[in-house]
Amino acid sequence: MFSPFDQIKETKYLSEDKAGIYRPICRVLFQKTALEFQGSMYTISEILTDLKQRPEFEGRFIDLTEKELDDALKSLEKWGNVLGHQDTSKAKRIEELKNRRSLYSITDITIELERMIEGLQNSLRSIRGIEFERHIPDRMMEELDKLKKWKEGQPYDLRIVWKELMDRFKSLQTESSNFFAQISRASFNEDMMRTASFLAYKEKFVQMLRNFVLVIMDKQEKVRQYFHEISDENIQRIVDHIVTKEEAADISGDFNVEESRSARLSEWQGLKGWFVEINGKKPGVRFLIDQAKNTIVRVVKIAEQITDRYNHFKSRKNDCLQIARLLARAETIEECHRLSAYVFGVQQTFHFFAMPKRSDDHHDTIWEYDPHEVTIFKNVPGRRAGKIKHALDENPLKEYELLKQHQEHQMIIRRYFDELTVDGRIVFEELPVLHPIIRNILLELIGQASASSKKIARTDNGIKFRLTKRSDRWIQVRFTDGTLTMKDLEIERVEGVN
């Protein structure tokens, strides 16, 4: 384990004068070992062949000799980037014994350094075209729900759930912070403001940020609710379970239980502090939303400056004359109104009417729907639309079937209520898994009783119930199609109450 006061000599190859040879060597060994899985130990001739043939090096090492490569490998071995091994294969001739080849392998810390550099380069390349993943909050809520419902013996691995939750949080946090850091650079504003292409870029940029802000604002309350429902005691129990599993799977023998537990608790506090205010500290999501709003305002101002600069010396006389010609060419006042709306915008808009949702995507907004026409009729006092009279079609057999279905439905409800009632009471917290029909009846009784001054409700069968609040706790009642979260209530059967 590295101390914050120690020098890390393994990073010297990145900044030495001969980094142009040191870094390609480490890169080749990293790719062959960690990406291509071609073994772990390589001879000087194998490394030299790769340096000369890899297309990303553009033929820079055509004249490199084995002696120069051997000197570079010895320097890397001194700094701890590679390890030298002696060839232990059996020699069949005296020449082979005299000239035993050296084998080299890359160290673990150098593999991590190269992987970090590769990830950093990919991150910087993708910042300009970053697109916030709008479904990350939904995926995070799925993982939080698993943590909330977790008990010993659950079929899913809690370590995987924890890792996926933290990976999604880090992705949301890292990508958003990198993006805003890139936008905030002065060089970005200067470079973009030199070109009119920024105007086209602005529309996509503002739309992307608007979607991001809408999703975060829509989901933050739901995510915050999970942090209120998952207690610190449950998190301690979950972390202890994860650490126990990690300790059992460790083969190195130097696993530190307390450090691992402390790291998991710190991860949870970081995630919770991003959505919930802790000790008066402003949550990170609030800061991110404010930053997104300020960025939108900033980009719009830049676009206005570009527009003003390009139009400062431009005469609008020809544009105005062309609009006047189009208006003069119009045949009706309605056509003039439409042309004016296209050019100057709609002056008076009273209502928005939208068709039903076209898909199950919760992130769709009205602006993404295709346009459609709605016929509106003028409402004149005293004038009503004519009604068409239809003959009454009586069908006694059909009426009998409907009556029979209604009676059977009432018998099922009565039987359910008899089974659920214990000592004249129905305690919602103690109910088993119920059918959705019973949920609708119970909710209707709660609504009736809440509106009554005596807290009394009546079923269709004439059974009366009184609603009582047991405590201020929130409970969950399970049904075959889902779970209902509600206050801790009970209803008591009463007689002789009007």
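A residue counts as buried when its relative accessible area is under 20%. In this predicted model, Glu-143 has a relative accessible area of 4% and is therefore buried. Glu-143 is placed in helix H6. Its side chain makes a polar contact of 3.2 Å with the side chain of Arg-168. Beyond residues up to four places away in sequence, Glu-143 touches Val-161, Glu-164, Leu-165 and Arg-168.

The largest nonpolar core has 33 residues. Leu-144, Leu-147, Trp-268, Leu-271 and Phe-275 have the most contacts inside it. Two or more residues of this core come from each of H6, helix H7 (158-184), H9, H10, H11 and helix H12 (284-311). H7 gives the most, with seven residues. Leu-144 is in contact with Leu-165, Val-223, Tyr-226, Phe-227, Ile-230 and Trp-268, leaving aside neighbours within four places in sequence. Another core, of 28 residues, lies apart from the largest one. Among its residues are Tyr-22, Leu-64, Trp-79 and Tyr-104.

Charged pairs were then considered. A search of the whole structure finds 29 salt bridges. One of them pairs Glu-229 with Lys-148, with 2.5 Å between the closest N and O atoms. This pair links distant parts of the chain. Glu-229 belongs to helix H9 (residues 197-229) and Lys-148 to helix H6 (residues 136-149), 81 residues apart. Glu-229 is partly exposed, at 30% relative accessibility. Lys-148 is also partly exposed, at 25%.

A salt bridge also joins the side chains of Lys-272 and Asp-232, at 3.9 Å from N to O. Lys-272 lies in helix H11 (residues 257-275) and Asp-232 in helix H10 (residues 232-249), so the bridge ties together parts that are 40 residues apart in sequence.

Asp-472 is exposed, at 56% relative accessibility. Salt bridges with shared partners also build one network. The network joins Arg-425, Glu-429, Arg-470, Arg-473, Asp-488, Glu-490 and Glu-492.

Arg-425, a member of this network, is also a contact of Leu-420. Leu-420 lies in helix H15 (residues 396-420). With a relative accessible area of 11%, Leu-420 is under the 20% limit and so counts as buried. Apart from neighbours within four places in sequence, Leu-420 is in contact with Arg-425, Ile-426, Leu-431, Pro-432, Leu-434 and Ile-438.

A nonpolar patch was found at the surface. Tyr-342, Val-343 and Phe-344 make this patch, which covers about 390 Å². Phe-344 is found in helix H14 (residues 333-344). At 55% relative accessibility, Phe-344 is over the 50% limit and therefore counts as exposed.

Note on methods
Residues numbered from 1 in each chain as written. Predicted model: local features only at pLDDT ≥ 70, side-chain atom pairs only at ≥ 80, totals over all residues. Heavy atoms only, no water. Salt bridge = Lys/Arg side-chain N within 4 Å of Asp/Glu carboxyl O. Helix = DSSP H or I, 4+ residues; strand = E, 2+ residues; numbered from the N terminus. Buried < 20%, exposed > 50% of the residue type's maximum accessible area, 1.4 Å probe, protein only. Patch = residues over 30% accessible without salt bridge, like charges linked within 9 Å, V, L, I, M, F, W, Y side chains within 5 Å. Areas by Shrake-Rupley, 256 points an atom, 1.4 Å probe, with all protein chains shown as cover. Polar contact = N/O pair within 3.5 Å; in protein donor to acceptor, adjacent residues only side chain to side chain. Contact = heavy atoms within 4.5 Å. Core = buried A, V, L, I, M, F, W, Y, C linked by side-chain atoms within 4.5 Å.
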